Amino acid sequence: MSTSKTDPNPPRPGPRSLALAGCAAWLLALAACGGGAGSGLGPPADTEAAPPMPDPPLVAATPAERAGCSVTLEGDSILYGGFVPGPRLPETPAALLHRLRPAYTVVDNSVPALTAALRARPFAAERRSTRFVVLQHGINDAQNATALAPPLGRMVERVQAEGRVPVVTGLARQFGARKVRRRDAYDATAREVARSRGALFADWGAVEGRPEEMADWIHPGTPYSARLVERLVAVLDAAAPECAQGPLARADRILSEPSP
């Protein structure tokens with residue numbers, strides 16, 4: 001986990017234990033996904049990694065958290081800005097979001113190769129501290145033909161029960177000859193989960209891109225990744241205009257500018 005702005009009252013457990021938890025989740029994800037998106041391994045369609053269990057007690061958002069400018073990023077390698085093996089983008093989605101909207105405290109919980117089914121159970125047990133929680137899942141779920149709606153729906157409902165605001169993203173696209181099977185169906189599932197539960201939706205499927213803007217066949221390179229972040233920023237701006245101070249230009253056109 002990484003945080004773009006210091007939180008004066010960080011949640012427990014501390015950063016080290018959360019980082020270790022992130023590594024454990026990454027290892028679990030690798031075991032389930034065969035090392036990353038594109039393996040095609042995993043349970044049959046319409047199954048989950050494990051049956052649901054009763055959720056731990058809720059920790060409700062404080063009044064300050066409900067009103068503040070803060071966001072947690074939950075997702076896979078696309079929101080992480082890197083893949084296994086390989087480096088992260090020079091400016092990760094979390095870092096770019098904070099640069100575009102410096103009023104935000106950004107907590108980055110994204111983990112390469114993760115699926116919603118793997119994330120849902122530990123997610124319910126964790127303590128959050130932000131107003132918004134972005135849920136970006138679906139690419140690895142589509143690759144592995146694991147059910148997306150039940151675990152994603154539970155995460156949305158958990159965030160809402162805590163008094164926070166969930167933001168579901170659509171699925172990023174692939175622009176070359178190779179495509180993620182079931183990408184469109186899983187994108188529609190993510191959209192429906194958001195619609196049916198009253199969550200915000202960042203339509204990543206509508207973001208333009210080109211083959212030369214990809215890091216590989218499935219992972220966005222800097223220009224496309226920046227436009228995905230820009231779409232997310234637009235959703236946050238509409239929901240919290242008081243937090244929208246920052247550069248107004250398109251994200252992919254200001255990447256070369258120095259950070260403030």
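This is a predicted model: local features need pLDDT of at least 70, side-chain atom pairs count only at pLDDT 80 or more; totals for chains, interfaces and linings use all residues.
A pair of aromatic rings is described by the distance of the centres and the angle of the planes. A search of the whole structure finds 2 such pairs. In one of them, the ring centres of Y104 and F132 are 6.3 Å apart and the planes meet at 50 degrees, so the pair is classed as tilted. This pair connects distant parts of the chain, 28 residues apart: Y104 belongs to the loop between α4 (93-100) and β3 (105-108), whereas F132 belongs to strand β4 (residues 132-136). Y104 and F132 are both buried.

F175 and Y224 form an edge-to-face pair, with 5.0 Å from centre to centre and 80 degrees between the planes. Because F175 is located in the loop between β5 (165-169) and α8 (183-197) and Y224 in helix α9 (residues 222-239), the pair ties together parts 49 residues apart in sequence. Y224 has a relative accessible area of 0% and is therefore buried.

Charged side chains are also found over aromatic rings. R88 lies over the face of Y80, at 3.6 Å from the ring centre. R128 is placed over the face of F123, at 3.8 Å from the ring centre.

Helix α9, which contains Y224, also packs against α4, with an angle of about 50 degrees and the axes 10 Å apart. The contact involves P93, L96, L97 and L100 of α4, together with S225, A226, V229, L232, V233 and L236 of α9.

Definitions and conventions:
Residues are numbered from 1 along each chain as its sequence is written. Side-chain values use heavy atoms; hydrogens and water are left out. Rings of Phe, Tyr and Trp (its six-membered ring) pair if their centres lie within 6.5 Å; planes under 30 degrees apart count as stacked, over 60 as edge-to-face and the rest as tilted. Helices (H or I, at least four residues) and strands (E, at least two) are DSSP runs, numbered from the N terminus. Buried means under 20% relative accessible area, exposed over 50%, partly exposed in between (1.4 Å probe, protein chains only). A charge sits over a ring if NZ of Lys or CZ of Arg is within 6 Å of the ring centre and within 35 degrees of the ring normal. Axes are lines fitted to C-alpha atoms, for helices over the stretch in contact, and angles run from 0 to 180 degrees between N-to-C directions. Contact means heavy atoms within 4.5 Å.
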